[in-house]
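Welcome, and please take a moment to look over the model before reading on. The paragraphs below will walk you through it chain by chain.

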Amino acid sequence: MVTFVVAISLNFILPRLGHSNPVDTIMRKVHTPGMTSKEYKKRYEEFMVKFGLMDENGKKTTIVRQFFSYVGTTLKGDLGVSFTKYPKSVWDILKTALPWSLWLQIPSIVIGYILGNILGALAAYKRGIYDKVFYPLSLFLMSVPYFCLGIVLVYIFGISLEIFPPSGGYAMDMMPSFSFAFFASVLYHYILPFMTMVLVFIGGQAIGMRSMSIYELGTDYVKYAKMLGIKERTIVMYVIRNAMLPQLTGLALALGFAIGGALLIEIVFSYPGVGLALYTAILEMDYPVIQAGILIVTVSLLAMNFIIDILIGLLDPRVRISHESRVE
Amino acid sequence: MKQFKLLLRSPWFVFGAAMFLFCIFVGVLYPMFSHTDPLLRGALPFEGPSPDHWLGTNGEGQDMFSALLFGLRSSLFVGIAAGIFATIIGTIIGIVGGYKGGWVDNVLTLVTNLFMVIPSILVLILIANSIEKRSMLLVAFIIGATTWPWTARAVSAQTSSLKNREHVSLAKLNGYGIISILCMQILPYIMSYVFMVFIIQMATGILEEAAISMMGLGPYDSVTLGQIINQAQKTEAFSNGNWWAFMPATVLITALQFSLYVVNTSMEGVFNPRLRKES
Amino acid sequence: MADAKTISDPSKVLLTVNNLGVHYKTRFGHTVQAVDGVSFSLAQGKVFGIAGESGCGKSTLVNGVMSLFIPPLFYSYGSVVVDGDDITKYDSEKLRVDILGKKISMIPQGALNSLNPTRKVKHFATDVMRNHEKNLSKAEIYERLEERFEAIGLDPRVLNMYPLELSGGMKQRVVIGISTLMNPHVVIADEPTSALDVSTQKSVIRMLLDLMERKIFGSMIFITHELPLLYHVADDIAVMYKGKFVEVGESDQVIFRPKHEYSKQLMEAITKLSTTGERHSEGARL
């Protein structure tokens, strides 16, 4: 909760640290040749009022007031109006972008998490040659920046070999619809960005899981279980379950990087998500869109963190019980 | 020092360190490698590699090879500086919080967690967007100021486990002030850890710089690897298949990251024997 | 549970170890003979004590008797006979199903970490049972667990708890309970009292002896580095040093009239400590 408040405040304060007056940008757009200076001034003031920078009496509003009105309107769901694409509202611009971003991020994170952990556990268990090859490979994947891998993949598969399309969310001559052809096109365009996300994410998860599993495999309870004749398979399940829990905590941290990476991947692939929208907005100095975009990303990140926290509480008895008393 | 010798025995460490140091070497001694001014728009745009221009030219007719070297140097500068900032800030916060405990620690931990959850990239976008004169040093500072939480957490944990050791209590009893205790009793012991963390912070610094440069928000007073890629993208080098305009920079960024991670992993293997492989 | 017939025969020999050798290979290819020519046998209702310092090969001996030869540990020579079969020749699957936890069971050192922290006691116990006796329904298993735990003096409510929620002594008793579930012929107690305070030590030993008397298990090998402790527990004692039994005999004799130089030193070193009241361990040297 506190984080949310801080996030909103930062979101508000930071852009305003610069000195440019956003209304100037709009005026440039709205300005038509032949406008008299009187008309210009009038329009200017209209906009100032509209954007809360000046109240009706012509006095400039204070920052504090601006802040509160910002918070108020945002919470009501009104994210404001775009500067450069005036009069389009920010929400209009972002609402089509958001699903694309989530569609890229969520499946790749979930699949990457599951696969990465399984591979990591396997490497810890099998050791030997499998591990010797696997370990450097996943270390490499983990350290490759998301967008770098994206660039490499796009170049090799998208441009050189032309196996996959290099850009866009779907074929350019198609309109979004519920047809099979559309879905097929979406999937086709999905593969490269998806693979980029998944590969890097797997790298990180696998390395972490491998270390955790190695640790768990050496614990006393594993030795004891073996001595009691418990099946190998059951013991492996123990290890995986116990190693997963700290991994979940790690997931919450890795999410921040993954989402950041996803945004950059959108730029590389021209994928129509929030990342690309942010990029365009930055180029055009479209402040409301930038602000709202960041807000949305932060909120979704916080939401995901929250879900993970709940999951951990449910799955890890150690967390659940730490408050209760012991039995003598 | 003993540990350093152990490190040298690890092939991973040697490989990673060599790679990274080589990059630094090239970056620093860059003027010796290329005499062409990277900003000179002298040649035809988008020409492939040739004897005149080893890595061809970009969309504005600038020599890619020298741009690459220059970019390497800038990226390294920003990355390392950012790493230094982040490590210093994080270590100070971590040590103070870990040692003091109590409400000081609680507050600092809260702040740390706060910053940790908000992805640095977003804060970077916000800050970089509002400041027009973004010098390399400033960018490095901003990156450092958003990526320190990781260090703080790690250092704090180490410090709080150290603070109950005998030599610390002894120093306290002898009336040493808190600053000297922190410097003489605790810092030396966590040095190897801090160094490891510094390596990661450097890697993060380089990465973050490349990331915001990709967004078009990089330093304005030089060319960095990230900006090279960004420019390539803007001038459609991607779709035209002009690999020389962006691939080398991409590969270089990856190489820097990888070498640093390798060094870090090998250090972990030496300093944390539990993870050492059994035969 | 297991067949009561073999156990109730008082003179029956349950375990014979014949000239057992176990070695392990180090990273650099050296071979270390951790157990060298060890022989002893166990009869129904008897406790065999093994005393020695850390590093003498006690734990390796445990692995050897259970025939758990996992690299870098390897079988060198000798035999371990249970119910007429040499189990060193068993393949791992047969060993797991027939022997481990069933005919020979171990109570580990430091029970504090021997239980899976994320699994309730009853689930863990179920895993053990399921691996030796298939085709039992959950209800049947829980019933037997409750019965057994009550019989050995453990509050059956413990079954529904996580290891976190139990105290050290409680955990040790739970571990004893689980290790003896299948009424093993031999229970190997590897330093069962090292991590406990003195009064808990006594109650644990009493519990073990009591269980043996009630035929919950057949016989016991009690391993410790505290030789005097064995006086209250063991019928026969072996003193172990560098992988060999340097002295074997009845407990009276070994403790009060040790023949071997090392045993003498071991006893002396410890008696010295108990008179000065100091609590750090001091080794004896040959």
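What follows is a short tour of some helix contacts and some strands.

This is a predicted model, in which local features need pLDDT of at least 70, side-chain atom pairs count only at pLDDT 80 or more, and totals for chains, interfaces and linings use all residues. Residues are numbered from 1 along each chain as its sequence is written, while chains are lettered from A and ligands numbered from 1 in the order in which they are written. Helices (H or I, at least four residues) and strands (E, at least two) are DSSP runs, numbered from the N terminus.

Helix H9 (residues 220–227) of chain A packs against helix H10 (residues 232–269) of chain A at an angle of about 165°, and their axes are 10 Å apart. Here axes are lines fitted to C-alpha atoms, for helices over the stretch in contact, and angles run from 0 to 180 degrees between N-to-C directions. H9(A) and H10(A) are therefore roughly antiparallel to each other; angles under 35 degrees count as roughly parallel, over 145 as roughly antiparallel, 65 to 115 as roughly perpendicular and the rest as oblique. On the H9(A) side the contact is made by Val222(A), Ala225(A) and Lys226(A), and on the H10(A) side by Ile235(A), Tyr238(A) and Val239(A). Two residues are in contact if their C-beta atoms, placed from the backbone, lie within 7 Å. By class, this contact of H9(A) with H10(A) has five nonpolar, no polar and one charged residues. In this scheme Ala, Val, Leu, Ile, Met, Phe, Trp, Tyr, Cys and Pro count as nonpolar, Asp, Glu, Lys and Arg as charged, and the others, Gly among them, as polar.

Now move to chain B. Helix H4 (residues 64–100) of chain B packs with helix H11 (residues 225–234) of chain B at about 130°, with axes 7 Å apart. That makes H4(B) oblique to H11(B). Ala67(B), Leu68(B), Gly71(B), Leu72(B) and Ser75(B) of H4(B) make the contact with Leu225(B), Gly226(B) and Ile228(B) of H11(B). This contact of H4(B) with H11(B) has five nonpolar, three polar and no charged residues.

H4(B) also meets helix H7 (residues 136–147) of chain B, where the axes come within 7 Å and cross at roughly 40°. H4(B) and H7(B) are therefore oblique to each other. Residues in this contact include Phe77(B), Phe85(B) and Ile89(B) from H4(B), and Met136(B), Phe141(B) and Thr147(B) from H7(B). The contact of H4(B) with H7(B) divides into 14 nonpolar, three polar and no charged residues.

Finally, turn to chain C, which has nine helices and 10 strands. Of its 286 residues, 43% are buried. A residue is buried if 20 or more other C-beta atoms lie within 10 Å of its own, exposed if 12 or fewer, and partly exposed in between, with C-beta atoms placed from the backbone. In strand E6 (residues 104–107) of chain C, Ile104(C) and Met106(C) point one way and Ser105(C) and Ile107(C) the other way, and all are buried. E6(C) pairs with strand E7 (residues 186–190) of chain C in the parallel sense over four bridges; strands pair if DSSP finds at least two bridges between them. Met106(C) stands opposite Ile188(C) in E7(C).

Which backbone angle is positive in Asn19(C)? Phi is, at about 50°, although Asn19(C) is not a glycine. Asn19(C) sits in strand E1 (residues 13–25) of chain C.
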